[in-house]
Amino acid sequence: MKQVDLLYTGKAKSVYRTDDPEVYIVKFRDDITAFDGEKKDTLSGKGRYNAEVSSFLFGYLEEHGIGTHYLASLEPATIAVRRLEMFPLEVIVRNVAAGSIVRRYPFREGEPLDPPVIVIDYKSDAHHDPMLNDDLIYALGLATPEELDQIKAMALAVNEVLSEYLDQRGITLVDFKLEFGHHDGEIVVGDEISMDSMRLWDKETGASLDKDVYRFNKGDVMETYAGVAKRILSPPQRG
Ligand code: C5P
């Protein structure tokens with residue numbers, strides 16, 4: 001399989017076509033952005049950590065019966081994925097109130113959300129990713145009721161598998177964003193699952209272990225990403 005041409009450049013990843021029409025190559029760049037692209041930087045090595053964590057977690061989900069677009073890790077920061085027809089949806093699962101839900105609604109930061117809350121945003125830079133509801137999703141033709149039910153069920157299944165995995169490594173999965181697409185009539189998880197797309201708190205100290213460190217200047221971003229990547233790729237903590 002050979003990389004052919006650049007298909008799409010996002011804020012932190014680039015997607016390339018290959019000589020196999022069903023396979024794309026995703027490069028995790030060292031770019032990092034926040035606040036709808038208002039804050040941006042390049043942090044050398046960041047792409048590699050996000051690619052490693054994404055590859056590992058996609059593989060882990062596959063082992064637990066959840067389909068993803070992941071095929072293989074190539075060179076550092078680069079993975080091969082199945083071509084998907086994407087739903088233009090950002091599916092966010094929240095276990096603990098933090099971030100935009102605290103700014104917009106009367107939740108207290110750190111308040112547990114049980115059962116978890118699913119929020120779905122419209123993935124559209126032109127519209128600044130507004131929040132959707134089921135009726136808007138159907139009216140805009142973004143997914144059918146059957147597809148949306150399946151997407152929500154898969155998002156909750158991913159939440160269960162990842163929450164338990166991270167908990168065993170001393171990490172609370174506060175919230176995370178998934179994207180979904182179709183492959184051969186099957187809905188699977190696409191995009192990435194990384195420190196850029198999850199909110200992770202250290203169970204003991206409550207310290208942020210994710211992009212909030214960059215958003216809110218909470219410390220050394222690369223040190224945080226390197227440390228959390230190591231923890232995620234390690235065996236469970238004892239005790
Ligand atoms: O900003 P907000 O609190 O709504 O983000 C919820 C979760 O979704 C966070 O983990 C954040 O990193 C992730 N997210 C994302 N991409 C977006 C919006 C949110 O990965 N465009």
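**View 1. Two domains of a predicted model.** Domain bounds here come from an automatic or database domain assignment. The model is predicted. Its protein chain is divided into domain 1 (3-82) and domain 2 (85-219). The C-alpha centres of domain 1 and domain 2 lie 18 Å apart.

**View 2. The side of domain 1 that touches domain 2.** Contacts link 19 residues of domain 1 with 21 residues of domain 2. Strand E4 (31-34) and helix H1 (46-63) each supply at least two residues of this side of domain 1. H1 gives the largest share, eight residues. By type, the residues of this side are ten nonpolar, six polar and three charged.

**View 3. The largest nonpolar core.** This core holds 57 residues. Those touching the most other members are Val91, Ile151, Leu173, Leu178, Phe180, Leu200 and Val228. Both domain 1 (3-82) and domain 2 (85-219) contribute residues, so the core lies between them. Leucine 178 touches Val91, Ala155, Val158 and Val189, leaving aside residues up to four places away in sequence.

**View 4. An open sheet of three strands.** The strand order is E8-E12-E13, with antiparallel pairing. Strand E8 (85-86) and strand E13 (186-189) stand at the edges. Each has a single partner strand, so one side of each is left without a neighbour in the sheet.

**View 5. Pairing of E8 with E12, and the helix on the sheet.** E8 and strand E12 (residues 180-183) pair in the antiparallel sense over two bridges. Methionine 86 has glycine 181 of E12 as its bridge partner. Helix H4 (residues 145-167) packs on the sheet and touches E12 and E13. The direction of H4 makes about 35° with that of E13.

Conventions: Residues numbered from 1 in each chain as written. Predicted model: local features only at pLDDT ≥ 70, side-chain atom pairs only at ≥ 80, totals over all residues. Core = buried A, V, L, I, M, F, W, Y, C linked by C-beta atoms within 7 Å. Buried ≥ 20, exposed ≤ 12 C-beta atoms within 10 Å, placed from the backbone. Contact = placed C-beta atoms within 7 Å. Pairing = 2+ DSSP bridges. Helix = DSSP H or I, 4+ residues; strand = E, 2+ residues; numbered from the N terminus. Axes fitted to C-alpha atoms, helices over the stretch in contact; angles between N-to-C directions. Nonpolar A, V, L, I, M, F, W, Y, C, P; charged D, E, K, R; others polar.
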